[in-house]
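Let's take a friendly tour of the salt bridges in this model. Which side chains pair up, and where do they sit?

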Amino acid sequence: MSSKAHFNPKSLKWIISLVVMIVLSAGVIFATISADNLANKKYREIYDLSYNVASSESVALVSASAGEYGITAVEKQLDASGNVIGFLVSGTTVGYNAEVPIEMTATITADGQYVVGVDILKQEETEYLGVRIQGDDFKNQFKGRLLPVVSSVGNDKGSNIDVLAKSTISSEAVINGVSNAVEYLKATNLITPVEE
């Protein structure tokens, strides 16, 4: 008896089919990644905003909306010609220490498109961890970012802000504070949302 292997044309068809499926799957994956990169590229950019404030004016708060969004003060920021270039929004947001809210400011461009920056005025978050929200490494992530800003640990569409390790709650509180500032400006018609 001969134990020679013989050629089976069905096995060749199976191999060709497998190769074609692998190539098509790789093509779909590559196309999806490319489309996502193209669509979300604007959120990865850091925009160089020329933002020169010559003066500012207080804006009367709409008390119902201010309370809803945790807003404590709003200032219109003006350029040398008196044009509104943005808003400095002060407010509170709840971090890890729910008993003492984080007091912060967010500066938003007049068109509501970008965050110019954030500042932490007062906080009593956890020592060595949550207090790092006051550091430049964290705060500088907001400068020149397209809105909305979102947490890097989520899947939301927007400019990712890297949360601080072991300080996720404190980090996300600042992100929420920026979102609340923008939502208040929209709710009170100080800015008009731009359609995508």
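Lys186 is partly exposed, with a relative accessible area of 29%; here buried means under 20% relative accessible area, exposed over 50%, and partly exposed in between (1.4 Å probe, protein chains only). Its partner in a salt bridge is Glu183, with the closest N and O atoms 3.8 Å apart. A salt bridge means a side-chain nitrogen of Lys or Arg within 4 Å of a carboxyl oxygen of Asp or Glu. Glu183 is also partly exposed, at 35%. Both residues belong to helix 4 (residues 168–187), three residues apart, or about one turn of the helix. Helices (H or I, at least four residues) and strands (E, at least two) are DSSP runs, numbered from the N terminus.

This is a predicted model, in which local features need pLDDT of at least 70 and side-chain atom pairs count only at pLDDT 80 or more, while totals for chains, interfaces and linings use all residues. Residues are numbered from 1 along each chain as its sequence is written, and side-chain values use heavy atoms, leaving out hydrogens and water.

By the salt-bridge rule, the count comes to three:

| Pair | N to O distance |
|---|---|
| Glu183 and Lys186 | 3.8 Å |
| Lys76 and Glu57 | 3.7 Å |
| Lys139 and Asp119 | 3.1 Å |

Lys139 lies in helix 3 (residues 136–139) and Asp119 in strand 5 (residues 114–122), so this pair ties together parts 20 residues apart in sequence. Lys139 counts as buried at 13% relative accessibility, whereas Asp119 is partly exposed at 31%.

Lys76 and Glu57 meet in a salt bridge. The pair links distant parts of the chain, with Lys76 in strand 2 (residues 71–78) and Glu57 in strand 1 (residues 55–59), 19 residues apart. Lys76 is partly exposed at 26%, and Glu57 is partly exposed at 38%.
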